[in-house]
Each structure stands twice: as structure tokens, then as C-alpha cells.
Amino acid sequence: MPALQPEAMQASDHEAIRKLSRSLGRSSEPSRFGDNECQLVLKDPQGQLVGWARAGWWGPSDQLAPAGYYLSGVEISREHQHRGFASILTAARLKWVAERDTTAWCIVNARNTGSLALQASFGFKEIARASHFGAVSFSGGCGLLLRKELSEDAMILWA
């Protein structure tokens with residue numbers, strides 16, 4: 001399969017994102033995503049949605065989690081998982097954050113080993129554990145607050 005390039009999410013992608021999310025047992029609603037965010041999709045050569053991701057500013061009003069730019073969602077269709085597509089979307093989001101700040105953040109359920117492995121592969125480090133960060137709570141476990149310091153060298157790698 002040729003290398004897929006992230007594209008800006010469009011309103012016309014929303015229904016495919018809803019369907020993908022439901023197929024994964026989730027309930028993402030792109031019409032509620034914020035303005036001024038990094039919102040990306042990956043599509044196969046036929047234009048079918050492979051996955052999507054987003055990042056943006058979050059001010060959680062939390063003693064542990066600071067305001068900053070957070071990677072805040074990535075979903076890849078089951079038939080395309082474990083092929084590096086989440087990494088493509090993460091690299092693009094980190095480049096977007098690096099154009100705005102020197103630190104990227106994310107929160108992950110401690111039981112989500114796939115997401116934790118993805119974040120670790122990009123050099124994210126655990127900063128804190130809690131049952132919730134801001135309004136995000138974690139059922140059946142705890143959440144991890146992760147941080148990555150960004151550098152100009154890294155921006156070149158993600159270009």
C-alpha cells in the first residue's frame with residue numbers, strides 16, 4: 001500500500017468518523033471537536049477512511065495536568081491497525097504542536113497498552129497517575145499524564 005498522507009479533516013468526513021468510532025465501540029462526535037485544533041484524517045487510495053486523529057489546546061483546571069497542547073484522540077479502523085497509521089497521525093500532530101509550543105501532552109488510560117506503546121515510541125514520559133484529569137475520568141483503572149519535550153531536531157524528522 002502506498003504511504004498515506006494525513007489530510008485536514010472536513011465536515012464531509014464526519015459521518016465516516018462516526019461509523020469508524022462506533023465500529024470500535026466508541027462514540028466520537030466530530031461535530032463537537034473544537035475550532036483551532038489539529039484535526040486529521042488518513043484515507044486509502046480509494047478515498048475510504050483509514051483513521052483520524054486530533055490535537056489541540058486544553059486547559060483542564062487540574063492540579064496535576066497543566067494547560068497545554070494535548071494529543072486528544074486517534075482511531076484506526078480494525079482492518080488497518082498495527083500498520084503504522086497511528087504513528088503517521090501522531091507524527092503529524094506532534095509537528096503541529098511543535099509549531100506552537102515546546103511541550104506536547106496526552107492522557108491515556110493505564111490499561112490502553114497500545115496507546116501507551118505508541119506514545120512511548122515517540123518519547124513521551126509519564127508525569128502523573130490519577131483517577132481523573134480535568135473532566136476526563138478513567139473507569140476501571142487510572143489515567144496517565146504523559147509529556148514530550150519537543151525540539152527543532154524532532155520537527156525535521158516529522159516533516
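## Salt bridges

A salt bridge is a side-chain nitrogen of Lys or Arg within 4 Å of a carboxyl oxygen of Asp or Glu. This structure is a predicted model, in which local features need pLDDT of at least 70 and side-chain atom pairs count only at pLDDT 80 or more, while totals for chains, interfaces and linings use all residues. Residues are numbered from 1 along each chain as its sequence is written, and side-chain values use heavy atoms, leaving out hydrogens and water.

The structure holds 10 salt bridges. One of them joins Glu99 and Arg100, at 3.5 Å from N to O. Glu99 is partly exposed at 45% relative accessibility, and Arg100 is partly exposed at 39% (buried means under 20% relative accessible area, exposed over 50%, partly exposed in between, with a 1.4 Å probe and protein chains only).

Arg18 pairs with Glu29 in a salt bridge whose closest N and O atoms are 2.9 Å apart. Arg18 lies in helix α1 (residues 14-23) and Glu29 in the loop between α1 and β2, 11 residues apart; helices (H or I, at least four residues) and strands (E, at least two) are DSSP runs, numbered from the N terminus. Glu29 is partly exposed, with a relative accessible area of 23%. Both residues belong to a salt-bridge network that also links Glu15 and Arg22.

Arg26 forms a salt bridge with Glu75, with 3.8 Å between the closest N and O atoms. Arg26 is partly exposed at 42% relative accessible area, whereas Glu75 is buried at 3%.

Of the 14 residues of α2, 10 are buried, so the helix is largely enclosed by the rest of the structure. The buried residues include Phe85, Leu89, Leu94 and Val97.

## Pro60

Pro60 is in the loop between β3 (49-58) and β4 (68-76) and is buried, with a relative accessible area of 9%. Its C-alpha atom is 8.8 Å from that of Val136, 76 residues apart along the chain.
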